[in-house]
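This report covers a protein with its ligand. It starts with the contacts and ends with the fold.

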Amino acid sequence: MMSTFPKRRRPGNVVQIKTPGEIEKIRASARLASRTLDHAGKIIKAGMTTRALDKELNDFIKSRGGVSASLGYKGFPGATCVSVNEEVCHGIPGSRVLKDGDLVKIDVTTILNGYFGDTCRTYHVGNVSPAAAGLAKASYDSMMDAIATVRNGSHIGDIGAAIQARAEPQGFSVVRDFVGHGVGLDLHEPPSVYHYGTAGTGLKLKTGMVITIEPMINEGCWEIEVLSDGWTAVTADRKLSAQYEHTLSVTDTGAEILTLSD
Ligand code: MF3
Ligand code: CO
Ligand code: CO
């Protein structure tokens with residue numbers, strides 16, 4: 001049977017070095033994912049259900065020739081992950097109605113022409129508390145600090161160390177249970193990208209690797225629980241959580257962020 005994917009997956013534990021041509025195609029998918037999040041920012045509002053938000057975003061992806069990689073992934077029922085307040089990640093879109101003050105994480109993974117892009121942002125619904133805004137900013141800043149460590153020859157441990165150095169002095173904690181990952185020809189490829197760690201340790205990054213960095217930062221403790229729906233991760237103390245995620249390629253001099261916003 002013909003596969004819808006024109007490729008040669010390269011399975012196993014090897015961290016792939018993507019060719020410039022492959023990175024070009026991953027960039028196109030990543031750009032679609034980030035445009036989908038731009039669209040989310042325009043439509044998200046109090047009174048809307050997370051299901052309605054998810055449908056709009058799935059329509060947006062499809063109208064541009066893409067497919068959601070999340071829909072049906074290991075049985076996940078949504079096109080996007082929508083995680084509200086104490087929900088850390090993998091929130092299932094449903095009947096929950098967004099209200100003023102909610103902190104909403106939307107994570108979009110696209111497939112375009114067989115290539116994957118993966119990105120997440122934290123949105124404010126109306127006016128959020130200063131504490132919530134500070135948490136969201138810490139999550140964004142920690143991701144950007146981590147990205148700034150990346151170049152040919154840097155270590156995976158540099159990423160986690162940078163995230164901890166930004167988040168923990170503010171009294172926030174870094175979730176341990178989920179990691180960033182290689183991405184591009186598949187949704188989750190090696191390596192695992194830890195969001196905590198020690199600088200100068202771990203795998204050495206090489207030009208042509210494509211990874212995500214996606215720190216989940218909690219207001220209270222870092223421990224999480226998974227709800228009985230089998231997907232939704234929530235903070236163990238039910239305090240707030242925030243997340244940003246970029247897909248990026250490693251270059252000789254730094255990182256190219258592939259999921260840039262317009
Ligand atoms: N986008 C998630 C990630 O960053 C994966 C979502 S898989 C799903 O790795 F099934 F929960 F959608
Ligand atoms: Co990811
Ligand atoms: Co994601």
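## Polar contacts

A polar contact is a pair of N or O atoms within 3.5 Å; within protein, one must be able to donate a hydrogen and the other to accept it, and residues adjacent in sequence count only if both atoms are side-chain atoms. The model is predicted: local features need pLDDT of at least 70, side-chain atom pairs count only at pLDDT 80 or more, and totals for chains, interfaces and linings use all residues. Side-chain values use heavy atoms, without hydrogens and water.

Glu245 places a polar side-chain atom 3.1 Å from an oxygen atom of ligand 1. An N or O atom in the His181 side chain also lies 3.1 Å from a ligand oxygen. Asp107 has a side-chain N or O atom 3.0 Å from a nitrogen atom of ligand 1. The protein buries 97% of the 340 Å² that ligand 1 exposes when taken alone (Shrake-Rupley method, 1.4 Å probe).

## Ligand shell

There are 13 residues around ligand 1 (a heavy atom within 4 Å). Asp107, Thr109, Asp118, His188 and Glu214 come nearest. The shell divides into four nonpolar, five polar and four charged residues. Here Asp, Glu, Lys and Arg count as charged; Ala, Val, Leu, Ile, Met, Phe, Trp, Tyr, Cys and Pro count as nonpolar; the others, Gly among them, are polar.

## Fold

The protein has four helices and 15 strands (DSSP runs: H or I, at least four residues; E, at least two). Its radius of gyration is 17 Å, close to the 18 Å that the globule rule gives for 262 residues, so the protein is as compact as a globular protein of that length. The radius is taken over C-alpha atoms, and the rule is 2.2 Å times the number of residues to the power 0.38. Along the principal axes, the C-alpha atoms fill a box of roughly 45 × 45 × 35 Å.

Notes: Residues numbered from 1 in each chain as written. Chains lettered and ligands numbered in written order.
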